[in-house]
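I opened this model to look up a sheet, a helix and a ligand site. My entries follow in that order.

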Amino acid sequence: MIICKKPRELHDLLEKKNIGQQEIGFVPTMGALHAGHLSLVDAAKKQNKIVVCSIFVNPTQFNDPQDFKKYPVTLEKDILMFEGAGCDVLFIPSVEDIYPKGTNNLEHYDLGFLETVLEGKFRPGHFQGVCLVMGRLLEIVLPNNLYLGQKDYQQCMVIKKLIELIGSKDKIKVNICPTLREEDGLAMSSRNTRLLPGDRIKAATISKALRYIKENLKAGHTKKIKDEAKELLLQKGFLIDYVEIANADTLELVENWNGKQKIVALAAAFINNVRLIDNMVINT
Ligand code: AMP
């Protein structure tokens, strides 16, 4: 595995490898790797000649400065894990490399409705930061295939929208990979390492609440089942941002389900200052 720190270095390296069409698979991450990240590398390896991964903890997507400060960093372990998974090129840029003009007064992306709902509503500015970093990374890596996790359902939609906005829809294929979970159902996440032992056990309730919705939802009003799922979380001491049921393609909230429309249940909640998110598609 080759490690590149400078955009120019990465660009020259990929050029030297004489990469043709349909051959670069890209897995962007913020590091603190777990098996979920590696499953994306696995998927990329199956479909591409070269797999490029990146580690960059993006300051502009943290609406809470404390969350940024406390974001886990395990660089040496990450390098070994990426190498073991078969990553060919690992890109580890600095903030200056990604934001040569600084992090203020940057481009604004028109994400429309997506930015007003769920994560967009509860984390103002977050998706603008995601677009800034992804726009820059895509410009540097120029991948044919991009690998994202369903764990960040709304982020996948935002990045698809970004790719449309920058006119790269025909050049970059977005591949969404399933959420990897711990044995008790907790979605793997870098933030899980910040959970205290007692909270780690309770944290699985977030996936249990979503599963409860998936298994019990019937056509009709969705309020009662959402309230029941919220109650499961409240009993364990979660502070809830949202538990919602939404149109799986648009994320418009569904108050009255016709029993056929493809929908997804999504939740975000804090347990002792650690914010966890998860989602489950109800009907496929
Ligand atoms: P992050 O490092 O949290 O920015 O995540 C990097 C990529 O890994 C994103 O596309 C995430 O959606 C994906 N990812 C995070 N957690 C999981 C998981 N449990 N299963 C599959 N993919 C994941």
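**Sheet.** I started with an open sheet of 3 strands, ordered β8-β10-β11, with antiparallel pairing. The model is predicted, so I read every value here as computed. Which strands stand at the edges? They are β8 (239-247) and β11 (274-281). Each has a single partner strand, so one side of each is left without a neighbour in the sheet.

Next I checked how β8 meets β10 (residues 263-271). The two pair in the antiparallel sense over 8 bridges. I245 stands opposite A265 in β10. I then looked for a helix over this sheet. Helix α10 (residues 205-216) lies across β8, β10 and β11. Its angle to β11 is about 25°.

**Helix α2.** I moved on to residues 35-47, which make up the 13 residues of α2. From first C-alpha to last the helix reaches 19 Å, close to the 18 Å expected. Which of its residues are buried? I noted G36, H37, S39, L40, V41, A43 and A44. The buried residues pack against β2 (24-29), β3 (50-55), α4 (75-85), β5 (145-149) and β6 (173-177).

**Ligand.** I counted 16 residues around the ligand. The closest are M30, H37, D152, L180 and M188.

- A polar backbone atom of M30 is 2.9 Å from a ligand oxygen.
- A polar side-chain atom of D152 lies 2.6 Å from a ligand oxygen.
- A polar backbone atom of M188 is 2.9 Å from a ligand nitrogen.

How values were computed: Residues numbered from 1 in each chain as written. Predicted model: local features only at pLDDT ≥ 70, side-chain atom pairs only at ≥ 80, totals over all residues. Heavy atoms only, no water. Helix = DSSP H or I, 4+ residues; strand = E, 2+ residues; numbered from the N terminus. Expected span 1.5 Å × (residues − 1). Buried < 20%, exposed > 50% of the residue type's maximum accessible area, 1.4 Å probe, protein only. Contact = heavy atoms within 4.5 Å. Pairing = 2+ DSSP bridges. Axes fitted to C-alpha atoms, helices over the stretch in contact; angles between N-to-C directions. Near = heavy atom within 4 Å. Polar contact = N/O pair within 3.5 Å; in protein donor to acceptor, adjacent residues only side chain to side chain.
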